[in-house]
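The sequence and the coordinates are shown first.

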Amino acid sequence: MFDLLLEGAPLYFSPASVLLTVLGIIGGLVIGVLPGLGPLMGIVLLLPVAFHLEPIPAMAMLIAVYVGGSAGGSISAILLRIPGTPLAAATLFDGYPLAQKGRSQDAIGLSITASSLGGLVAGIVLIFFSPVLADFALNFAPPEYAAMALLGLLTIAVVSEGSAIKGMLAGGLGLAVATVGTDEFTQAYRYTFGTINLTSGPNLVAVVVGLFALSELFVQIEGGNFRDRPQIQKLRISFRAFRLIVNHRWNVVRSALLGTGLGAIPGAGGDVSAFVSYAVARRLASEEEAYGEGAEGGVVATEAANNGTCGGALIPTLSLGIPGDASTAVLLGALFLLGFFPGPELFQYHADVAGGIFLAYLASNVVLIVLGIVLVPFFGTVLKVPKAWLLPLVLLLSTMGTYALQNSVFDLWVMLAFGGIGYVLRKAHYPLAPIIIGMILGPVLENNFRRALLLSRDGPMIFLERPISATILAIAAVMLVYVTITTVRPRKRS
Amino acid sequence: MKLREHAYDWLAWLLIGAVPLLIFWQNATSLTEQSVASGGPMSNAAAYPAIIAWILLGLTAINALRILAGRISQHSPLDPTPTTRLALIATVLFVAYLLCLGWLGYYIATPVLLTLLFAMLGLGPIASLAGAVAATLIVAAVFEGLLNVVLPLGIFNFTLFG
């Protein structure tokens, strides 16, 4: 485990990586603070920039945005009663009442410190478990990889927000989009409709930016209130939270571990883990701590858990190549496009890169605790920026970022098309993450599926004859049965 | 009437339902013409997409039944908000921008788009123009100056930081 960190240290500890971690945390916090945006949007907007950088500085920047963005949402939840991101929804319960009592700085300080410590606990679990899981995955052959990709996709589709069928439809759409381009085995052009621009398939970044950023812009414009400036009490830098957090040390560890565990299950997400940890903390709390009325423990539990989820979600992402949530799916895509394939091969052949990523994650959480506290007054100002300024700027960044990848205007049309698709799907309450995960896992699933059939001379029984792939498929089958039953049963009762 | 209260659900249904049909059509035409729609796993590029198409078809059929039977709890009507018109105008402006970007170049098309968007969202004319020019230049400095990206030059072949 420590070998990986030692190997990654020379790669990570460069001025570029450290500077980009700092900038990434600031950018992540800012985008997390702004309601409606979030870590995913931050990663999406910076993805094109990442491709112009060296792999480790690029990943350091994106991971820092992920970590900062996951923590930033709590600030608007505390100050405005509007969670900057869904991850911070549970932070409302106690964060806002705490601010109403005139303790905004304590609440923000606690949320930032808990986020950072939660992230560090998750980082330790990540460093210990990822290589073990990757080591186990060395036993995988094409049938196991195909089964694993299917399970990952299915898990995310059924656990995602919204109905399971909609999740699976979105996942299926992603798989279908992934087949566009040149077939790896026959070199035939598939579903390109004679367009040379589609021979490599639609650009992943253009699709991601369109689905998430552009559709969000449409929704935000429809939301109105472009010139609103919220009233926020003046904030100062305060380190008092360092003292307060000591009283909640076990809450931090417990919530972080819960968050990590739930994050490691593909699809579970930070919002789920925040609510679960809040419920657990509330149950275990003493009677004096009035949860829901401004309890420090409530803020600590939700924030330690949702940032713990980031580390947890990176476990299957890095060790198996199965993303834990939408943000890690995009991080996985970034790693692919930077030339590295997450999974056992990453640990076997690019241990320094894996170690560099671990260090980037740990460093991000350390930087978060410092900058999160020091920049508190600045976040109050950020929250006052009206949407009339923000929305066109996000559009410009999305457009130029996507264009810059391949100097291609065609990619901008792809972005616009997926912006429209994303908007319709959002309005119909479809989860969007399974589309991206389908696009990323699609080639893994197809290549291994076809290779497995080749090995067995076309016999599909190869998937059931091998114990690991049979077990994985059995889990997938159980999940499908469970989802079917839970979808049908509530209706019967009603 | 389910059509009205689940309008976006039906739109999404049509959108996703069209995908398997496209796959089947292409398998029967383009992929067959390229001789990759039959044979073993190495030579049959159409088999895996066809499996996905069948799954999508099955799921869209189930979803249609769910919408018809009122089994989708969340409604998705086409209810315009007071600013839906603005969202549509912004989309039209963006389409026009994409059409003109290659021809006019980044430095002409972008400030025009941004000024219009800022003004449309309620900023004053001077603030809109100043903000648009500043944003155009800052983004250009980052992409052209720092990242060595060649932004669209247009007919005037104009660049500032490249």
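1. The UniProt annotation "domain: DUF1468", taken from an unreviewed entry, covers residues 12-152 of chain B. UniProt positions are given in the numbering used here, feature names are shortened, and annotations may be inferred rather than shown by experiment. Over residues 12-152, chain B is 72% helix and 0% strand, with its end C-alpha atoms 34 Å apart. Helices (H or I, at least four residues) and strands (E, at least two) are DSSP runs, numbered from the N terminus.

2. The model is predicted: local features need pLDDT of at least 70, side-chain atom pairs count only at pLDDT 80 or more, and totals for chains, interfaces and linings use all residues. Residues are numbered from 1 along each chain as its sequence is written, chains are lettered from A and ligands numbered from 1 in the order in which they are written, and side-chain values use heavy atoms, with hydrogens and water left out.

3. Chain B is divided into domain 1 (1-79) and domain 2 (80-161), with bounds that come from an automatic or database domain assignment. The centres of these two domains of chain B, taken over C-alpha atoms, are separated by 37 Å.

4. For chain B, the unreviewed UniProt entry also annotates "transmembrane region" at residues 7-25, 45-65, 86-106, 112-130 and 137-161. Residues 86-106 of chain B are 95% helix and 0% strand, and their end C-alpha atoms lie 24 Å apart. Residues 137-161 of chain B are 40% helix and 0% strand, with end C-alpha atoms 9 Å apart.

5. In chain A, the spans that an unreviewed UniProt entry annotates as "transmembrane region" include 12-37 and 432-449. Residues 12-37 of chain A are 77% helix and 0% strand, and the end C-alpha atoms are 28 Å apart.

6. Across the interface of chain A and chain B the rule finds 1 salt bridge, defined as a side-chain nitrogen of Lys or Arg within 4 Å of a carboxyl oxygen of Asp or Glu. The side chains of K166(A) and D9(B) form a salt bridge at 3.0 Å, N to O.

7. Over all chains, the count comes to 12 salt bridges. D106(A) and R240(A) meet in a salt bridge at 2.6 Å, N to O. This pair links distant parts of the chain, 134 residues apart: D106(A) lies in helix α6 (residues 104-136) and R240(A) in helix α10 (residues 240-246) of chain A.
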